[in-house]
Amino acid sequence: MKKLLILIIIGLMLSSLLRAQTYKNPNIPVKDRVEDLLKRMTLDEKIGQMNQFLGLEYLKTNRANLDKGDAKNKNENVFYPHTPISQIEAWTKQGIIGSYLMVFTAGEANRLQRLAMQSRLGIPLLFGIDAIHGNAMCDNMTTYPSNINAGCSFDPELTYKIARETAEEMVTVGMRWAFNPNVEIARDARWGRVGETFGEDPYLVSVMGEQIVKGLQRNLDQPTDVLACVKHFVAGSQPLNGKNVSPADISERTLREIFFPPFKTGIDAGAATLMVAHNEVNGIPCHTNKWLMQEILRKEWEWPGFIVSDWMDLEHVWEVHKTAPSMKEAFFQAINAGLDMHMQGIHWQDMVKELVQEGRISEERINQSVRRILTTKFELGLFEHPYTDETLRAKVCQNEQHMSTALKAARESIVLLKNEGEILPLSENNYRKILVTGVNANSQNILGDWSNWMGDKTSTVLKGLKEVAKNTEFIFVDQGINPLYMKEENINRAVELSRKCDLNLIIAGEYMPRHDWNNRTDGENLDRSDLNLVGLQDELIKKLQATGKPTVLVLINGRPLSTEWAAEHIPAIIEAFAPGIQGGQAIAEILYGRVNPSAKLAITIPRNVGQTVKVYNEKPAAAFHPFTLTDDSPLYPFGHGLSYTKFKYSNMRLSTNKTSKDGKFEASIDLSNTGTREGTEVVQLYIRDCYSNVSRPVKELKDFRRVSLKPGESQTVSFTIPAEKLAYYNENMEWTVEPGEFEIMAGSSSADINLLKKSITVK
Ligand code: BGC
C-alpha cells in the first residue's frame, strides 16, 4: 500500500515535471515551447498550420451568391462550393487548419476556436482580418478615415492612436492579426487601391506604416495587441497600365529607393508578418520570388517574421502568371522561395504533403515555416487565452473615445485644395438657403473601401451640415449614390432648385462600397483608364456653375481625380478622400470654419491621366521637355493644402554650411500666423542632391512637423538633419553619402514657389 502511494506520488511528480517542460507551460521560453510542440506534430498538422481558410459564414453567403459567371471565375479554388462546411469543421477539429480570415463575429471565432481546441494538440487558430482603417469589415465598428487620409494628416501620433484603438476593437471579435499597414507607394492614380495607401512618398509612408505597426502590436504581450502585416511586397502600386496584379517592371534601384523603405521601416518596427504582392516584379511573381523573400527579407534585413500569400495568389502563379504548369508546382515554387502561409484553400494540404513525400520539399523546410507561425501564436498568448469575451464588443466598439478619435482624424485629413475669393468658410448669415447635391451628399460611401456601412452611426455630409449649420435651409437634390447611374432629370432638377438658393454645394467623387462589388468605381480591382469624374458629374458641376450662384465642390474618393475643369472654374474645392464614420461632420465643420483645415496632399493630383507617373520626387530630366498642348504642372502638388489663416515662412538658416558624412546639422525657419484665425501648418522639409553620380530626385521629403499657431504668433521650427538622410545608392548600389552640394528646402508644399532654400556642402 505504502509502495503504491510512493509510486503514485512519483508518477504525479514526473507528469507535472514533464508538463512543466511542454509547450503547454506558459512559463518556459517561447522558443522551447515551439520546439516541443513541433516535435509532437505530424506532417499533416504542420502543413495545416501553413494554411488559411475562409470563415464559414462568409463562405455560405458567397456560395449562395455565386452566379454562373462567378462560378467560372471564382471556381472551387475560391469558395470551395463542392466541399461541405462539415468537412471544413472536421479539418479544424483534426488540427489541420492554422488560420481563418473573413470571420466577422466573436460567436463564429469562438465556435471555430472550440473545434481547433478539440484537436489532438489543441493548437489555437489565428484569425486575420482586413482592418485597414479601423476594423471596419465588421459591423458596428469605428471606421476611421482611410489610410490616404492618414497620410494627408501628416500626424504620426494620431495614426498610432487609430491603430491602437483598431486593435482594441479587433480583439472584441477574436481577431489577432490585421492585414495592415498597406505600405505601398502609390505612384499611379489609375490603380484602384491608392486610397488604402499613405500616398506617394517613401518617407511619409514609412513614418505612417511604422506607427500602424507599433500601434497594432505594441510589444505583442497584452490581450489587445495584434499582429501587423506589412503589405504587399512589392511594387504592385506601379503596375503596367495601373491595373491591379499587372506586371511591375521596375529597376532594382527604384525598388530600393522608392518601394523598399517602408517595408524595411515596418520590419525594423517589429512587424510580425508580411504579405506578398499579387504582381510579378521584373518577370518573377512576388510569390515565387527567392530574391525578395530570401535575399532581401531574410538575409539582408534579417527578418524573423512569417510571410503570408495574398488571396489565391499561389493559384495565380499557375493560372495567371503562367510561370508554373500546375497548382502543385506553384505551391512548390512558393515554398521553395520562402513563403510560410497560404491564403487560402482546399488543395494545399494534399499537394504539399505529396511534395514532401516525393522528397521535393524537406520536412525541415516545412518546420521553418511552422516555427515562425507557432511563435506568433505563443507570443500572442493564444494557447492560454484562445477565446474572446463576447460581451466586450458592446463596451469597446464605437465608444465615445474611439468616435472622437475618428472625428479628430477626419478633421485633420480633409484637404482644402482651392479657396478663391475666400468663399470659404461659409457664413450662415450670407447663405441662408443652400442647394446640396451630388452622389456623395447623403451617402455612406464616405466610409471608403474596406468597410461595411454603419447605418445611423455614419455621419453623411448632409447629416453633418444639418448638425453644424442649424439656421441654414438645405435643399437636397438626390442624384442617387452611384455616379454610374446618374439621371439627367435629377441634374435638371438641381439646376432648377439652385435658382431659389444662395449657394450650390456639390459632393461628388467615386463609389467604393464592397457590398456592391460589381457596381463600384474605386477600390480594390477598380483600376481606371482615365481619372475624370465618372458619369454625369462634370455635367452637374458645369450646369450648376452656369447658374451664376457661388459653387463649392467637395470630393470623396480613394484615388486622386483629375477635375481640371472644376479646378479652373469652381472657386472652392475640398478633397476629403474617404474621411470615415465622422466624415460628414468634419466636412461640415470645415465648410463652416468651425475647424480650420490643416491637411496636405499625401499624393500629387494629376491634371490628366497622361501625367501618370507625375510624382513630386521625379528625376530632373523628367521635366526637361514639358508636355505640348497641355500644362505640364500637376493639378495640385504633393504637400499642397490651404488653411483659412495665412502662414508666412521666413529666415531660413542652416547651423552650418559644411558637414561631414557622419555629421549632422540643423535647418530652421520662422513660421508666423499672419492671418486672423488660429491654424495648424504642416512644415515640410525637403532635400536635393544638386549633382550626383547617379541621378537623384528633384526633391525628397525628409521630415515634417505639424505646428499650431494663434493669430499673430510666430515660432521657430527646427529640424535636425543627420547627414545620413542625404545618403543614396551609388553606382555600385552602396548606401552612401556622396560629397558635394545639397539644397535644403522648407515650406508649405513641394511646389518650388512655396519653399525657402539653403545650400550645404558635404565634405
Ligand atoms: C488583398 C489583400 C487582402 C486579402 C484578404 C486580397 O485581395 O489584396 O490586401 O488582405 O485580399 O482580404
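Modeller: The side chains of glutamate 300 and arginine 256 form a salt bridge, 2.8 Å from N to O. A salt bridge here is a side-chain nitrogen of Lys or Arg within 4 Å of a carboxyl oxygen of Asp or Glu. Glutamate 300 is in helix H14 (residues 290–300) and arginine 256 is in helix H12 (residues 252–259), so the pair links distant parts of the chain, 44 residues apart.

Biologist: What should I know about the model and the numbering?

Modeller: This is a predicted model, in which local features need pLDDT of at least 70, side-chain atom pairs count only at pLDDT 80 or more, and totals for chains, interfaces and linings use all residues. Residues are numbered from 1 along each chain as its sequence is written, and side-chain values use heavy atoms, with hydrogens and water left out.

Biologist: And what counts as a helix or a strand?

Modeller: They are DSSP runs numbered from the N terminus: helices are H or I with at least four residues, strands are E with at least two.

Biologist: Is arginine 256 buried or exposed?

Modeller: Buried, as arginine 256 has a relative accessible area of 11%. Glutamate 300 is partly exposed at 43%. Buried means under 20% relative accessible area, exposed over 50%, and partly exposed in between (1.4 Å probe, protein chains only).

Biologist: How many salt bridges are there in the whole structure?

Modeller: The search finds 55. One of the pairs is aspartate 225 with arginine 164, at 3.3 Å, N to O.

Biologist: Which residues are joined into one network by shared partners?

Modeller: Arg193, Glu196, Asp449, Arg514, Arg520 and Glu524.

Biologist: Changing topic. Where is threonine 83?

Modeller: In the loop between helix H6 (76–79) and helix H7 (85–94). Threonine 83 counts as buried, at 10% relative accessibility.

Biologist: What does threonine 83 touch?

Modeller: Leaving out residues up to four places away in sequence, threonine 83 touches Arg63, Ile88, Trp91 and Ile346. Contact means heavy atoms within 4.5 Å.

Biologist: How many residues apart in sequence are threonine 83 and isoleucine 346?

Modeller: They are 263 residues apart in sequence, and 8.4 Å apart in space, C-alpha to C-alpha.
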